[in-house]
Amino acid sequence: QREPGVLRRAVASVLAQRDLSLPLHICIVDDSSPVPAHQELEGLDLASLSVHVVLQANGGPGAARNRGLDSLPDACEFVAFLDSDDEWSPDHLARALLALQSGANVYFSNFYQLGQTVGAFERAGRLVARMHPEIDAAPGLHRYSGDMFDQVLCGNVIGTPTVVFHRADFGKLRFRTDLARAGEDYLFWMAMAQA
């Protein structure tokens with residue numbers, strides 16, 4: 001992050017999560033940010049959370065995400081990604097847990113990119129939620145019924161900050177670090193689909 005307040009907004013969106021029955025652990029990987037993570041966290045009420053800041057040299061998003069995955073406590077059951085310049089809606093984790101506890105092993109959702117008024121699913125025209133079966137125990141949530149590998153390969157609509165998954169299912173999976181600027185997330189989703 002190159003300007004103050006960006007990471008702070010992301011962490012505030014984590015603090016704003018509602019209806020959670022599980023404890024939260026936040027692992028922030030500060031990969032030589034011009035605005036240090038510790039500076040961004042000052043004044044936030046983090047007393048109810050476990051927060052761990054890891055410092056490392058900049059290696060791109062894959063390296064930062066891998067470091068985060070490698071730094072999780074053993075008790076961590078679910079993993080959710082959030083880039084410093086993104087924010088979650090207040091019901092994001094509750095909806096993800098509902099889907100995961102209803103049998104899904106990966107959750108992702110529609111999202112809005114900066115400056116957009118139309119969600120990614122609609123803009124891409126590749127995923128219409130109502131065309132997939134609704135999860136019985138989770139009204140409003142749908143179980144993806146297509147070929148996920150093909151979906152990612154031919155027009156990915158998975159936004160990294162929307163992904164939540166069972167750690168036990170994909171605990172050894174890591175992002176490619178040789179793709180320091182783009183594409184590592186697509187390959188990660190395809191590896192998840194294969195697994």
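What follows goes from the ring pairs to a helix and then to the nonpolar cores.

Author: The model is predicted, so local features are described where pLDDT is at least 70 and side-chain atom pairs count only at pLDDT 80 or more, while totals for chains, interfaces and linings use all residues. Residues are numbered from 1 along each chain as its sequence is written, and side-chain values use heavy atoms, with hydrogens and water left out.

A search of the whole structure finds 11 aromatic pairs, a pair being two rings of Phe, Tyr or Trp (its six-membered ring) whose centres lie within 6.5 Å, called stacked when the planes are under 30 degrees apart, edge-to-face when over 60, and tilted otherwise. One of them joins Phe108 and Phe121, an edge-to-face pair with 6.1 Å from centre to centre and 75 degrees between the planes. This pair links distant parts of the chain, for Phe108 is in the loop between β4 (106–107) and α5 (120–124), whereas Phe121, 13 residues apart from it, is in helix α5. Helices (H or I, at least four residues) and strands (E, at least two) are DSSP runs, numbered from the N terminus. Phe108 and Phe121 are both buried, a word used here for under 20% relative accessible area, with exposed meaning over 50% and partly exposed in between (1.4 Å probe, protein chains only).

A second pair is made by Phe188 and Trp189, whose ring centres are 5.4 Å apart and whose planes meet at 85 degrees, so this pair too is edge-to-face. Both Phe188 and Trp189 are buried, and they belong to one aromatic cluster together with Phe81, Phe165, Phe170 and Phe175. Over the ring of Phe175 sits the charged end of Arg65, 5.4 Å from the ring centre; the rule asks for NZ of Lys or CZ of Arg within 6 Å of that centre and within 35 degrees of the ring normal.

Phe188 and Trp189 also lead us to helix α8, where the buried residues are Glu184, Asp185, Phe188, Trp189, Met190 and Met192. These buried residues pack against α3 (61–70), β4, α6 (148–155), β7 (164–166) and α7 (167–170), judged by contact, that is, heavy atoms within 4.5 Å.

We can now turn to the nonpolar interior. A nonpolar core is a set of buried Ala, Val, Leu, Ile, Met, Phe, Trp, Tyr and Cys residues joined through side-chain atoms within 4.5 Å. The largest has 24 residues, and those with the most contacts inside it are Val11, Ile28, Leu41, Tyr107 and Val164. The elements giving two or more residues to this core are α1 (6–15), β1 (25–30), α2, α4 (92–101) and β6 (138–142), and α4 gives the most, with 5 residues.

Leu41, leaving aside its neighbours within four places in sequence, is in contact with Arg8, Val11, Ile28, Leu46, Val51 and Val53. A second, separate core of 21 residues includes Phe81, Leu127, Leu173 and Met192; of these, Phe81 is also a member of the aromatic cluster, while Met192 is among the buried residues of α8.

Finally, Leu44 lies in the loop between α2 (37–41) and β2 (50–55), and counts as buried because its relative accessibility is 18%.
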